[in-house]
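Biologist: I have a structure open and would like to learn how to read it. Could you take me through the main features one at a time?

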Amino acid sequence: MRFASFRPASCVVATATLLLVANAPAQAQTRAETLRYVTGASVNTLDPNIPGSTRESFALSMSTYDRLVAFGRKQLNGKWVFDLDKITGELAESYDVSSDGLKLTFRLRKDAKFQDGSPVTAEDVKWSLDRCVTAPILGKAQLLTGSLTSADQFKVIDPLTIEVTLPKPDKLALPNLATVYPMIINSKVAKEHATADDPWATAWLKEHTAGSGAYVVESFKPGEQVIIKRNDDWNRGSPDKPAFFKRVIVQSVPEPATRANLVERGDADLVVDLQASDVQSLEAKGKLKVVSTPQYNSITFVSMNNQIPPFDNVNVRRAIAFALPYDDMFKAALFGRGAPLFGATWPDGKPLTGIYPFQAPVKIDLDKAREYLKAAGLPEGFSTTFSFNVGQASTAEPMAALVKESLAKIGIKVDIQKLPDAQMSTQINEKKLPLFTEGIVAWLPSTDYFYRNFYTGNQRWNYSSINNPDLAAIAQEARFEPDKAKYEEDGRKLNAIHFSEMPQIPLWQPNQDAVMASSIEGYTYEFHRQVDYRDVSRK
Amino acid sequence: MVRAGRRLLSSLPALFGVLVFTFLLMRVLPGDPAVFFASGPNAGKEEIEQIRKQMGLNKSVPEQLVFYLSDIGHGNLGRSMMTGQPVLKDLRERLPASLELTFTALLIALIAAVPLGVLAALRPGSLVDHGVRMFCALGVCVPTFVSGLLLIYVFYYLLGLAPDPTGRIDVFTSLPPQRTGFLSIDFLLAGDIDGWWAACKQLILPAVSMALFVIAPLARITRASMLVSLGSDFVRTARSVGLSWRKVVITYALRNAILPVITIAGIVFSTMLGANVLVEKVFSWPGVASYALDALLSSDYAPVQGFVLLMASVFVLVNLVVDICYGIADPRVSIE
């Protein structure tokens with residue numbers, strides 16, 4: 001090897017012999033019962049409700065806490081994904097929705113116990129849900145999307161029954177209770193650690209758990225690793241059975257190449273955040289199992305600020321939409337690993353579906369783009385910047401180069417701006433970026449939810465800053481539309497507005513590439529886009 | 001001792017300056033940490049405001065500075081948004097990891113560099129000299145993360161000799177009771193030889209890839225200073241009276257040549273501690289440098305400020321140690 005030739009040979013030999021001697025024995029029998037999951041991110045809090053908590057923290061809390069209900073799973077093109085429409089009981093043995101949709105009644109499991117052995121009661125559920133809508137934590141904004149806003153809405157009927165009342169028949173109320181935040185906390189334990197300044201024990205719960213989940217935290221080193229061990233009494237997954245793995249190690253390994261090495265050598269069992277190029281080569285070698293699921297609740301965009309000239313002109317936005325080299329970008333950025341949202345054909349010029357995100361009839365057509373530019377009164381083109389954040393550089397960098405090259409052909413001069421993540425989010429929040437790429441994700445991917453959150457209002461997630469009263473009105477109306485056919489009709493209208501206004505250009509839904517040892521089974525793509533450790537087992 | 005104390009005192013204004021400067025620099029950098037951390041799928045204005053309040057960013061900059069300084073006075077470095085822990089706790093846990101790695105790397109570098117430099121100086125212009133020069137040039141040319149990745153590729157991936165490059169200790173090994181924070185020492189104190197071995201194995205590859213990078217300056221300075229010393233009158237005299245080779249080279253020449261090496265070693269040490277971020281990333285080493293980099297990328301003020309303060313203090317201490325070493329190597333220096 002190259003470096004060996006310039007080091008004294010004796011040094012190499014010494015290193016080699018040092019490493020050769022002694023190899024850790026006596027773990028072989030427990031290794032099969034342990035899941036070692038490596039990730040580039042890290043867990044930073046045991047309570048996912050704390051502002052600033054990471055996605056890995058979300059995933060961990062799914063295993064350490066239970067919720068009232070959980071999402072089922074379904075097969076999508078042969079791969080398991082979460083099912084938004086099938087909601088099953090987790091701590092709730094069963095639930096009823098009243099005929100007017102205003103009352104949800106949950107009956108708790110009689111055998112459910114917290115990890116300290118005390119039973120789970122309706123009081124605990126009420127305290128936890130109250131905390132979620134009252135305390136200054138992340139759950140508040142999430143539950144708001146399901147019309148859950150006040151502690152008065154949660155009523156204890158008897159020790160095992162709790163009733164939730166809604167001001168309006170909101171379809172998203174029930175799914176919201178299955179998301180990360182409304183986890184059920186052992187209120188007796190939490191209250192002991194509450195203080196006058198902190199009545200909801202947020203400081204204590206950040207570093208400790210008090211739940212009824214499938215796993216108990218054994219050791220927690222923020223930024224490095226978390227080790228959890230199985231709660232043998234837990235039976236909320238399959239009847240009478242706890243989770244499969246006795247231990248799960250969640251370890252942070254920042255370097256993607258190292259993560260790929262680890263899983264290939266069999267030292268790690270599962271990883272979901274490898275670079276696309278590594279996934280491709282590992283898949284080609286065929287030793288490991290690779291499950292690629294399009295992240296059907298997330299979308300990558302090229303966004304334009306609809307309030308800043310020249311992007312306030314719809315023809316300029318259309319020109320951009322027909323000047324992007326979609327196929328090349330898709331290959332260069334993702335190695336084609338994802339579901340494209342471009343290149344559709346709409347025979348009668350109308351959306352084929354009322355579901356968002358939809359595949360749009362856009363493809364590269366420079367002549368058409370030039371015509372649109374002419375119609376916008378800018379036949380000579382203009383100069384602008386294209387921004388992306390450092391965290392997404394591996395996909396966005398090749399993409400940016402292609403955008404620049406292609407837009408130059410229609411006279412638009414693009415400067416590429418690579419911004420540190422915090423700077424990018426600030427600029428987006430202040431609506432200062434004219435042209436950029438970003439991604440969004442929705443935990444509860446329904447058409448009206450996407451449109452309401454990402455296309456209305458003067459707020460951060462409205463990347464394109466579109467202000468279209470029709471769109472806002474239809475989306476708002478669709479939210480409470482009980483009739484499926486009418487909802488579909490509203491969806492089509494919204495999609496049609498999206499295509500004609502072209503506020504931003506959806507590109508694709510990137511794949512979640514889960515790479516795992518061939519013995520691992522049951523991996524499911526979850527709404528939080530991380531691994532739910534309770535899903536997986538070893539053959 | 002008096003001299004050391006005075007040195008320490010005189011560095012306090014510099015430390016204070018570093019403190020204020022870093023504080024202001026972080027506030028001037030574009031990027032609002034509150035917006036970054038309010039990144040849940042539904043985080044809106046309210047969440048951003050709340051984080052801002054939590055981080056104390058809703059006050060004016062001078063006010064923030066006063067609060068910050070008074071916190072420092074009470075030994076409180078603030079809380080990291082990234083890890084959710086007090087910065088002091090984070091640094092206390094991570095500093096030993098960085099120190100252990102840096103010390104080992106420096107030791108390896110010195111053991112390799114001093115003999116190489118001496119050899120090159122004994123026969124300037126010879127094949128040995130050129131060989132050493134080439135080796136040093138290569139060591140400096142190859143960035144540490146490249147040599148790190150190469151070492152991983154060969155010793156872990158291809159040969160399977162090294163343990164997986166994931167931090168200070170194999171995940172399945174239980175940790176010794178914490179005394180010094182240096183795992184290799186803690187294991188020895190606990191009498192756990194297997195554990196000690198495991199910790200050392202994890203340490204070798206990152207230490208070697210760091211050492212490769214700093215061998216060059218150390219070897220070059222040893223060579224230059226040995227050349228001067230070998231050409232000086234006292235060595236000529238020593239040779240002429242027929243003293244043994246060993247006595248001439250080691251006792252007289254090297255001892256006189258070692259002062260600049262100590263200086264450079266001190267500087268190299270401080271630089272390595274802060275600049276080994278790439279090695280720490282590649283080997284998932286839970287050290288202070290990668291911690292500071294992550295914090296910087298997410299505009300997490302408190303850890304960055306804490307890190308800079310720590311580095312400045314380490315620099316002051318290292319200078320002090322270097323001064324003391326001077327005194328040992330050459331007693332004339334300590335006479336004022």
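Biologist: How many helices and strands does chain A have?

Modeller: This is a predicted model. In chain A there are 19 helices and 20 strands.

Biologist: What does the radius of gyration of chain A say about its overall form?

Modeller: The value is set against what a compact globule with the chain's residue count would give. For 539 residues that would be near 24 Å, and chain A has 25 Å, which agrees. The C-alpha trace of chain A spans about 80 × 70 × 45 Å along its principal axes.

Biologist: What share of chain A counts as buried?

Modeller: Of its 539 residues, 49% do. Sequence separation is another thing to look at. Among the contacts in chain A with a separation of 6 or more, 70% are between residues 24 or more positions apart.

Biologist: How do I read a sheet, for example the one with the order 4-5-7-6 in chain A?

Modeller: Start with the strand order and the sense of pairing. This is an open sheet of four strands, and the pairing is antiparallel. Strand 4 (92-97) and strand 6 (154-158) of chain A are the edges, each pairing on one side only. From one strand to the next the twist averages 20°.

Biologist: Over how many bridges do strand 5 and strand 7 of chain A pair?

Modeller: Strand 5 (residues 103-108) and strand 7 (residues 161-165) of chain A are joined by five bridges, in the antiparallel sense. Lys103(A), for one, has Thr165(A) in strand 7 as its bridge partner.

Biologist: Which strands does helix 5 of chain A lie across?

Modeller: Helix 5 (residues 122-134) lies across strand 5, strand 6 and strand 7 of chain A, and runs at about 180° to strand 6.

Biologist: Where are the domains of chain A?

Modeller: A domain may be built from separate segments. Domain 1 takes 30-65, 213-294 and 512-538, domain 2 is 84-205, and domain 3 is 298-509. The C-alpha centres of domain 1 and domain 3 of chain A lie 32 Å apart. Their contact takes 11 residues from domain 1 and 10 residues from domain 3. On the domain 1 side, helix 11 (276-285) and strand 12 (289-294) of chain A each give two or more residues, with the largest share, four residues, from helix 11.

Biologist: How many residues does each chain give to the contact between chain A and chain B?

Modeller: The size of an interface is often given as the accessible area lost when the parts come together. Counted in residues, this contact takes 59 from chain B and 51 from chain A. Helix 8 of chain B supplies the largest share of the chain B side, eight residues. That side divides into 34 nonpolar, 17 polar and eight charged residues.

Conventions. Residues numbered from 1 in each chain as written. Chains lettered and ligands numbered in written order. Predicted model: local features only at pLDDT ≥ 70, side-chain atom pairs only at ≥ 80, totals over all residues. Contact = placed C-beta atoms within 7 Å. Nonpolar A, V, L, I, M, F, W, Y, C, P; charged D, E, K, R; others polar. Domains from an automatic or database assignment. Rg over C-alpha atoms; globule rule 2.2 N^0.38 Å. Buried ≥ 20, exposed ≤ 12 C-beta atoms within 10 Å, placed from the backbone. Pairing = 2+ DSSP bridges. Axes fitted to C-alpha atoms, helices over the stretch in contact; angles between N-to-C directions.
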